[in-house]
Amino acid sequence: MRPLLLAVLAAYLNAAIHSILAFVNKRRSLQRVAELSIAAGFILHTAALIADWAIDGHYPLFYLRETLSFLAWTLVAAYGLILYRYRAQAVGAFTMPVISVLTFIAILIRSGPNGEPAATGVGATWFFPIHTTLWIFAYAAFFVVFMASVMYLLQERELKLKIFSANFHRLPSLSTVNELATTAAALGLTLSTVGIATGMLWSSTRYGRFWHNDPKEIFAVLTWLLYLLLIIYRSSARWRGRRAAWLGVVGFALVLCTFFGTRLLGGYHVFG
Amino acid sequence: MSIVLVGVNHKTAPVEVRELLAFSEKASTEGLRGLVDGEIIREGLIVSTCNRVEVLTATTTEQLHLGTQRITEFLDSARGLPTGFLSKHLYSHTDDQAVRHLFRVASSLDSMVVGEPQVLGQVRRAYSLAVEAGTAGRVLNRLVHHTFRVAKRIRTETGIAANAVSISYMAVELGKKIFNSLKGQTVMLIGAGEMAELSARHLVNAGVGRVLIANRTEEAARRLANEFGGETIPFDQLAEFLPEADVVICSTDAPNYVVTEPLTRHVREKRRNKPTCFIDISVPRNIDPAVGNLPNVFVFDIDDLESVISSNIREREREAERAELIVQSEVMQFQQSLRAMDIGPTIGALRQKLQELARAEMDRHRNRLGSLTSEQETAIEALLMSTVNKISHPVLNQMRRSHEISDSDTVQALRDIFGLEE
């Protein structure tokens, strides 16, 4: 559904530009344009995903192209939730460009049955789409942790040094980003736990074994452990601040390794 | 009709001059009734604050110069100052410049502290006094309402009023930055000085839940506690209560550190790492600067606050540049709406049209009249013109009256009857 995705990209780009301008200029009218664009883009994107599913005949989360598109869609939903729950509009100035890039790459890539292994057979049990979907959701949650942690660190540094930059007044408060990071980390951990479990179940029904020792699996478990640590660390006090935020930033590097694990190091996993 | 503004402000006149000139509310309404004569000066309004005294009028354009002179004389005489005493302090603006000036004043771009919120209220008050005095008419009504819109637009679209520019307000700003909202948070005052009181007032207005006050003399503490519905705590039990405080404002005249590092370590542990914001406005300092090295503890001393404030002021000034652009475009918009309001051209066009009709008829029938002396010709011309004017007079009057009460339907109907194009 490339034409539809192009429209989606246009909406996201427009939203990205307006979010950034709203961040810099603090204009409510700009923010409203951004939010309307996001809503329009999200609806079109949902339609595109459903159309893909109907036309291609498999759950639209298998090839790299589909994965990126689905990830972008999830991030938009996540931003929507953040806007609704925390009124943290500054998040848009950071997320929307990422979402636009993801969508753009998804359009550029012409991966499909010829370039990559066929999608046939994998969808035989319902474990597979659940496994992939949960992981995409988890990736989005970890991205939110990363972003909130960066916002925390930037502001904490300025508060400690007592030098406030122009961004200082535009970012959400420390307690907001702290709470956001904690919530998103807990969510990401839950999602990835079930994601790993369904992956194992799927693998055991298809190949008869739970574990393949491939890089993506190893990274996934490392990621899972790190966020488990982060959650334990955070919940052992009322507030964790800088160290927890650093963990959220470093952890994201591991998340990226997990995401690109197969690309870099091979293995039987494909995207998703 | 022209808009004329004459006045002094903190940039052109020292306080000795401004205080001589200041108008009380009573003096303002009385002065306006005297100034507005319905002939040259049609409408008037006086803005009098501690930083400015300005007279804003709608003046007949033909008598602009005389009008400006009248206002200057009015300012001199109203306060019994010798003639010409004010001349080197006064500025006067007309039309675009006057509109622009008023927009800037009301939006607090012309204030000593850019973005301060009081001036808009003062302009609002000045307007209601003018309404009371019956000296606010069509032009000023429109101008003042437009001014309120501009001020509101600038306040919401730019950050000229965004960041704290006073020490006492910094506590609110820092508290919000750390805790997002001050609702339900606890603030502790160590020392009950004037500065602490001012900060506490801002914090309470921002919704702080509990106010704890520790002071060496309990009487002062109790006074503040009564004022803010707070609780006094014994000064020597500070350590016990400190863990409950989210924002701590320290302003005692103690010569040593009241909040030490070991104490803060204990506080942090008790708070299970929840951040604390310490604001130390005392000199010598009451909070050990080493406290600031502890994680999740933020300490600001008076110098830190001053430097943040000066950067906030610079930020406001940057925002003010954007506000100036808004003022610019709003002045143009106001000019347009004022032009649409002007009935003059319509009346001129109608009169000319009728006169042309009369002249054309005269030309058509001229040869039937035979030869006439030049006196006779002039007499006929005069007869025609006075007939036309007599007939059109009530129409034009009706048009003016309808326009005066903004009855544009009638004005349009009259235009249609006489076939006037836009």
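Predicted model: local features only at pLDDT ≥ 70, side-chain atom pairs only at ≥ 80, totals over all residues.
Local features need pLDDT of at least 70 and side-chain atom pairs pLDDT 80 or more, while totals for chains, interfaces and linings use all residues. Residues are numbered from 1 along each chain as its sequence is written, and chains are lettered from A in the order in which they are written.

User: Which residues does the domain assignment give to domain 2 of chain A?
Analyst: The bounds come from an automatic or database domain assignment. Domain 1 of chain A is given as 1-114, and domain 2 as 121-272.

User: Which helix gives the most to the side of domain 1 of chain A that touches domain 2 of chain A?
Analyst: Contact is counted where C-beta atoms, placed from the backbone, lie within 7 Å, and it takes 21 residues from domain 1 of chain A and 19 residues from domain 2 of chain A. Helices are DSSP runs (H or I, at least four residues), numbered from the N terminus. On the domain 1 side, α3 (64-86) and α4 (90-108) of chain A each supply at least two residues. With 9 residues, the most is given by α3(A).

User: How is α4(B) oriented to α6(B)?
Analyst: The axes, lines fitted to C-alpha atoms over the stretch in contact, have angles that run from 0 to 180 degrees between N-to-C directions. Those of α4 (residues 96-106) and α6 (residues 138-157) of chain B come within 9 Å and cross at roughly 45°. Angles under 35 degrees count as roughly parallel, over 145 as roughly antiparallel, 65 to 115 as roughly perpendicular and the rest as oblique. Therefore α4(B) is to α6(B) oblique.

Technical notes. Contact = placed C-beta atoms within 7 Å.
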